[in-house]
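Reader: I have a structure to read. Please take me through it feature by feature.

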Amino acid sequence: MRSIWNGAISFGLVSIPIKLVNATENHAISFRQIHTEDGGRIRYRKFCELEDREVTGQEIGKGYEDADGTIIPITDEDLSSLPIPTAKTIEIVAFVPEDRIDPLQMDAAYYLAAGGAPAAKPYTLLREALKRSNKVAIAKYALRGRERLGMLRVVGDAIAMHGLLWPDEVRAPEGVAPDTDVTVRDKELDLADALMDTLGEVDLEDLHDEYREAVEEVIAAKASGETPPEAPAPERGGKVLDLMAALENSVRAARESRGEEPEEEARVRSLPQRGTSRSSPKETGGKKSTSTAKKKTASSPRKSASKTSQAEKKATTKSTAKATTKKTPAKKSPAKKTTSRKRSA
């Protein structure tokens with residue numbers, strides 16, 4: 001791998017010659033700008049305003065525009081001789097636990113390669129010290145015209161450096177979170193946990209850029225004169241109005257995709273009640289006892305009234321009892337007793 005920067009790591013009084021190598025690479029497909037009418041390339045030409053002519057890259061340098069519009073030329077020699085210790089040195093300033101670093105500060109990643117045989121011993125010393133301490137090194141270095149912050153950590157047998165944003169370059173998440181009060185129930189959290197457990201972990205090596213592969217297929221098809229593949233029709237799902245139902249369906253779908261049998265334990269809540277009130281005893285134990293107790297309490301006055309009415313009837317003659325029963329339909333105690341038995345069943 002080609003180095004992009006040569007310098008040294010300053011580790012107290014120890015100096016470790018190193019080479020900076022890119023640890024990542026970009027596989028994104030790049031496009032050119034073209035004229036849509038004839039397919040001609042669109043190019044940007046660089047002109048000098050004073051001479052009104054196109055200039056080459058060798059004629060282009062750097063300049064700083066002052067407040068009054070004056071351009072102050074700055075050469076590469078000016079930048080390389082800056083009076084700072086980090087111009088050619090990665091200066092370690094502290095060692096901290098890795099969890100102290102906010103992932104939002106993470107930037108580009110590099111490998112630090114030992115610069116020759118003399119660097120092997122101090123390089124290995126720093127690597128083993130980082131391993132044993134379970135810490136990372138915070139360092140300052142200068143690259144591409146500016147001083148930067150970095151984090152050194154061990155990756156395998158090598159030392160890697162992550163460029164870090166300065167703390168004042170990380171914006172506060174103001175206005176990002178919902179500004180309304182939302183209450184999350186324990187049952188919803190239980191289902192979310194069940195979904196996380198069902199999805200489980202993944203081997204990052206198995207993940208790949210499907211978008212890039214799809215673009216490559218389109219390019220290959222058009223290059224050979226074929227029709228590019230069509231995108232599959234999106235699935236039309238109903239509007240999710242119930243978060244609990246959406247979580248339950250997600251858990252069920254995740255288990256089915258893994259070939260697992262759906263488990264009853266995943267359903268944290270009971271299904272909505274439908275039909276008549278006779279389905280109420282199928283609720284949980286507490287609801288059943290409460291409902292039954294209410295029905296028994298409501299039916300007991302009717303039973304006592306019915307028994308009293310029967311006792312009074314037995315005291316009278318049979319004919320008077322029959323006549324009273326026919327003339328007074330409101331005192332149909334047997335019907336009330338039957339109804340009471342059905343409701344308490």
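Author: Start with one residue. His-162 touches Met-106, Ala-108, Ala-109, Leu-149, Gly-150, Met-151 and Arg-153, leaving out residues up to four places away in sequence. Contact means heavy atoms within 4.5 Å. This is a predicted model: local features need pLDDT of at least 70, side-chain atom pairs count only at pLDDT 80 or more, and totals for chains, interfaces and linings use all residues. Residues are numbered from 1 along each chain as its sequence is written, and side-chain values use heavy atoms, with hydrogens and water left out.

Reader: Is His-162 buried or exposed?

Author: Read the relative accessible area. Buried means under 20%, exposed over 50%, and partly exposed in between (1.4 Å probe, protein chains only). His-162 has 13%, so it is buried. His-162 sits in strand β11 (residues 158-164). Helices (H or I, at least four residues) and strands (E, at least two) are DSSP runs, numbered from the N terminus.

Reader: How many helices and strands are in the protein chain?

Author: The protein chain has 8 helices and 11 strands. Of its 345 residues, 19% are buried. Take contacts between residues at least 6 apart in sequence: 58% of them join residues at least 24 apart.

Reader: Which residues make a nonpolar surface patch?

Author: Patches take residues with over 30% relative accessible area and no salt bridge; like charges are joined within 9 Å, nonpolar side chains (Val, Leu, Ile, Met, Phe, Trp, Tyr) within 5 Å. A salt bridge is a side-chain nitrogen of Lys or Arg within 4 Å of a carboxyl oxygen of Asp or Glu. Here Tyr-64, Ile-72 and Ile-74 make a nonpolar patch of about 270 Å². Accessible areas come from the Shrake-Rupley method with a 1.4 Å probe; for residues, only the protein chains shown count as cover.

Reader: Why does Ile-72 count as partly exposed?

Author: Its relative accessibility is 36%, so Ile-72 counts as partly exposed. Ile-72 lies in strand β6 (residues 71-74). At 30% relative accessibility, Ile-74 counts as partly exposed.

Reader: What does Ile-74 touch?

Author: Skip residues up to four places away in sequence. Ile-74 then touches Lys-62, Gly-63 and Leu-79. Ile-74 and Lys-62 are 12 residues apart in sequence, yet 5.4 Å apart in space, C-alpha to C-alpha.
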